[in-house]
Amino acid sequence: MRILLIEDEPVLGEAVATHLKRSNHAVDWVQRLDDAEAALRAVDYGLILLDLHLPDGRGIDLLRKLRREEDKRSVIILTARDQIRDRIDGLNSGADDYIVKPFDLDELVARILAVQRRSAAKASSMVRAGSLFIDQVERKAWYEGREVQLTAREWALLECLAQRVGATLSKAQLEEALYAFGSEIESNAVEVYVSRLRKKLGANVIRTVRGLGYRLEP
Ligand code: CA
């Protein structure tokens, strides 16, 4: 799952983005509402971290717009300690949770997990592909009954495939999942990570569809 972080305080934004990446979350960080709207049009984010006071407008307006459009993506608002009104407005406008600045980064990760659990309780989080089981909320995978340890990028690629078991995903779609970890993506990155996943999950789980891409076999 990819996270969009909308926060204009550079030190806080940097700290949150870095910490979430270390916790195996793919994060894009923007500092303005217009950049956030462009990012939301381009990428299917699973969760949004939303500061409410941004240089070009109010985060609450973006949240209300999303909910008006029946966009049910999880949103956690980032609010200042003295802005109790913000928290109430945020929750009333459809935020899933809030966290008060300054916050502990591990607490933020825990809240993200809790919000994901709640939203996954609605949609089942377990995906099966042959002998492979993937828990998209706990971010764990088991192959033939044994838990498989994956790096952040291996996980990002597998998660992307797992969201559409049986469908063929293009190299470009899979590259997008890897881009979130930085711009230093090599042209053969998808091949490299598919090959690493095959070493861990067996050769047959991820199938190459010649000329089209890759898919997880159901
Ligand atoms: Ca702000």
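Analyst: Axes here are lines fitted to C-alpha atoms, for helices over the stretch in contact, and angles run from 0 to 180 degrees between N-to-C directions. The model is predicted, so that local features need pLDDT of at least 70 and side-chain atom pairs pLDDT 80 or more, whereas totals for chains, interfaces and linings use all residues. Residues are numbered from 1 along each chain as its sequence is written, and side-chain values use heavy atoms, with hydrogens and water left out.

User: Which residues make the contact?

Analyst: With contact meaning heavy atoms within 4.5 Å, α7 contributes K171, L174, E175 and L178, while α8 contributes A189, V190, E191 and Y193. Five of the residues in this contact are nonpolar, three are charged and none is polar, where nonpolar covers Ala, Val, Leu, Ile, Met, Phe, Trp, Tyr, Cys and Pro, charged covers Asp, Glu, Lys and Arg, and polar covers the others, Gly among them.

User: What makes β8 and β11 the edge strands?

Analyst: In the open sheet of four strands, ordered β8-β9-β10-β11 with antiparallel pairing, β8 (126-129) and β11 each pair on one side only. Strands are DSSP runs of E with at least two residues, and two of them pair if DSSP finds at least two bridges between them; β10 and β11 have three bridges in the antiparallel sense, and Y143 stands opposite R146 in β11. Helix α6 (residues 152-162) packs on this sheet, touching β8, β9 (132-135) and β10, and its direction makes about 100° with that of β9.

User: What is said of phi in N24 and E144?

Analyst: Most residues other than glycine have a negative phi. N24, in the loop between α1 (10-22) and β2 (26-30), has a positive phi of about 70°, and E144, in the loop between β10 (140-143) and β11 (146-148), has a positive phi near 50°.
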